[in-house]
Amino acid sequence: MKEHLYNYILGIADNSLILGQRMGELCGHGPSLETDIACTNISLDLFGQVRSYFQYAAKLAGDGRTEDDIAMLRKEREYVNVLLAEQPNTNFAYTIGRQFLFDIYHLLYLTELQKSKDLTLSAIAKKCIKEVSYHVRFSSDWVKRLGDGTEESKQKMQEAVDDLWVYTDELFHQTEADKVMITEEVGVDVTKLKEEYYTRVSEILEEAGLNIPESKWFQKGGKQGIHTEHLGYLLADLQYMQRTYPNMEW
Amino acid sequence: MATKDWPLWEIFVRSKNGLEHRHFGSLHAADAEMALENARDVYTRRNEGVSIWVVESKHITASNPENYGELFEPAQDKVYRHPTFYDLPDEVKHM
């Protein structure tokens, strides 16, 4: 039970960690000062959530591991984030598309996690849900602005949605830890979120004047630690300081 | 796009209920809705506010610094216009 709960927490937290790192890459590189700060704020929100999850996971592990160890010192195959989260900031449309496709899921997920019988997880979910509601507002607005903007912005936004679409189905795959945690009434049954997810996503895409991709083929593997080529580079950035100067602190 | 840069907006933030909105700074945004979101991210991320107003900068009419003399100097030597000749009760705040 404890091991399943530990793995279950990692499954939630790794999404926020990896997506947070991606958004953090825009610090100083955003398309405008205002969007730069907005993206970095989202990154910090996500890292804050990650800390709550990993502090709890470290306590469960009970073997001297700290939140930092869990965040920084695992190998690539030991990260269980969804593939969507690790996709690169190819251009601003990809950044927004990735955030949007994750945010809609994230809000649905946390809404359910609030009902968890695990009081720590339900408390974290209650705290995070306000932040994530804003993320949804931010990314949905930008999808509409870009989709309903110029010829060029529409084309780029459509490309990003089309490319990232193959990573959406994985959000609704159950892991072993999921199955155990659902029977304990601790975890969320993600398969039940799928229909509502695609309804909400489609509404926004339609409002943005974008086509809803029809792809029937989807990528998977992130939840089992089998990642796209992008994650290794991201981890090299994320882990560099801890690997080079072990145990360093700010 | 007609112009390359987004228009400039002036941002007013109310720090807490009961106080007035104060000018915090300015930023660029494509429209009022985006100006509000940008202001939220740029000016209130350290818990500075409970309410935000945005006004497009072009709608503000400002006094001309060249008119400083006629507008403001006459007030400088009229100390009796300040409410300093009586004691304010402690309960009156933000004066």
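## Overall architecture of chain A

In this predicted model, chain A contains 10 helices and zero strands. Its pattern along the sequence accordingly reads α-α-α-α-α-α-α-α-α-α.

The radius of gyration of chain A is 18 Å, which agrees with the value near 18 Å that a compact globule of 250 residues would have. Along its principal axes, the C-alpha trace of chain A spans about 55 × 40 × 30 Å. Of the 250 residues in chain A, 42% are buried. Among contacts in chain A with a separation of 6 or more, 73% are made by residues 24 or more positions apart.

## Helix 1 of chain A

Helix 1 of chain A covers residues 2–24, a run of 23 residues. From its first C-alpha to its last, this helix reaches 32 Å, close to the 33 Å expected at 1.5 Å a residue.

## The loop residue S116(A)

S116(A) belongs to the loop that links helix 5 (92–113) and helix 6 (119–147) of chain A. This residue is classed as partly exposed because 19 other C-beta atoms lie within 10 Å, whereas a buried residue needs 20 or more.

When neighbours within four places in sequence are set aside, the contacts of S116(A) are L121(A), S122(A), A125(A) and V186(A). Between S116(A) and L171(A), the separation is 55 residues in sequence and 19 Å in space, taken from C-alpha to C-alpha.

## The sheet and helix of chain B

Chain B holds an open sheet of three strands in the order 2-1-3, with antiparallel pairing. Strand 2 (21–28) and strand 3 (51–56) of chain B form the edges, each pairing on one side only. From one strand to the next, the twist averages 25°.

Strand 1 of chain B, residues 8–14, pairs with strand 3 of chain B in the antiparallel sense over six bridges. In strand 3 of chain B, I52(B) is the bridge partner of V13(B). Helix 1 of chain B, residues 32–43, lies across strand 1, strand 2 and strand 3 of chain B. This helix runs at about 130° to strand 3 of chain B.

Conventions
Residues numbered from 1 in each chain as written. Chains lettered and ligands numbered in written order. Predicted model: local features only at pLDDT ≥ 70, side-chain atom pairs only at ≥ 80, totals over all residues. Helix = DSSP H or I, 4+ residues; strand = E, 2+ residues; numbered from the N terminus. Rg over C-alpha atoms; globule rule 2.2 N^0.38 Å. Buried ≥ 20, exposed ≤ 12 C-beta atoms within 10 Å, placed from the backbone. Contact = placed C-beta atoms within 7 Å. Expected span 1.5 Å × (residues − 1). Pairing = 2+ DSSP bridges. Axes fitted to C-alpha atoms, helices over the stretch in contact; angles between N-to-C directions.
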